[in-house]
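Let's take a walk through a protein together. Keep the sequence and the 3D view open while you read.

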Amino acid sequence: MNFFYLRGRKNKIKNHKERVKALEEAEKKDIVDVAQSLGMGLIKQGNNYLWDEHDSFVFNTRKNLFYWNSRQKGGGAIQLVQIVKECSYKEAISYLNQMELGTFESIQEEKKPPFRNFMKDQWRWRYRLEA
């Protein structure tokens, strides 16, 4: 079904601003939620998830991306819907905008303080005390 070109429907997008907004909303969807809504069984492995049917299909939760190693395909939520449902780009965007899914929020890691070699400082102090 082509959801974008159905006349008389509420989800018909009329102008450029609405299309851009729909695209941004679709890209913000959490990829794990999208995969589960598509009926994909996921196995957690560290920070990533694997699809139980294909172990080369990896979901990176930090970057909100997937990569299918055996077919060398990857991308975000829109590309995932295109591959699994075998639909067009426009149909994938409309599918994602119709779904009530959570949005992706990137995790900011704390910056570690720079490394300081205390042994090196100890030798400097000993040298100064002896002199």
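This is a predicted model: local features need pLDDT of at least 70, side-chain atom pairs count only at pLDDT 80 or more; totals for chains, interfaces and linings use all residues.

Residues are numbered from 1 along each chain as its sequence is written, and side-chain values use heavy atoms, with hydrogens and water left out.

Follow the sequence along and you get the pattern α-α-β-β-β-β-β-α-α-α.

Now for the middle. The largest nonpolar core has 23 residues; such a core is a set of buried Ala, Val, Leu, Ile, Met, Phe, Trp, Tyr and Cys residues joined through side-chain atoms within 4.5 Å. Met40, Phe57, Phe59, Leu80, Val81 and Leu96 touch the most other members. At least two core residues come from each of H1, H2, strand E2 (48-51), strand E3 (57-60), strand E4 (65-68), helix H3 (77-85) and helix H4 (89-98). Zoom in on Leu80: beyond its neighbours within four places in sequence, its contacts (heavy atoms within 4.5 Å) include Ile31, Val34, Phe57 and Phe66. In H4, Glu91, Ala92, Ile93, Ser94, Tyr95 and Leu96 are buried, and their cover includes H1, H2 and H3.

Next, look at Lys29, in the loop between helix H1 (16-27) and helix H2 (31-37). What does a buried Lys29 have around it? Lys29 has no salt bridge, and the nearest side chain of opposite charge, Glu25, is 6.1 Å away. (A salt bridge needs a side-chain nitrogen of Lys or Arg within 4 Å of a carboxyl oxygen of Asp or Glu.) However, a polar atom of the Lys29 side chain lies 3.4 Å from the backbone oxygen of Met99.

Finally, two loop residues. Gln72 sits between E4 and strand E5 (73-75), with a positive phi near 55° though it isn't glycine. Glu86, in the loop between H3 and H4, also isn't a glycine and has a positive phi of about 55°. Buried or exposed, what is Glu86? Its relative accessibility is 72%, so Glu86 counts as exposed. Gln72 counts as exposed because its relative accessibility is 64%.

Technical notes
Helices (H or I, at least four residues) and strands (E, at least two) are DSSP runs, numbered from the N terminus. Buried means under 20% relative accessible area, exposed over 50%, partly exposed in between (1.4 Å probe, protein chains only). Lys and Arg count as positive and Asp and Glu as negative; His and the chain ends are not counted. A polar contact is a pair of N or O atoms within 3.5 Å; within protein, one must be able to donate a hydrogen and the other to accept it, and residues adjacent in sequence count only if both atoms are side-chain atoms.
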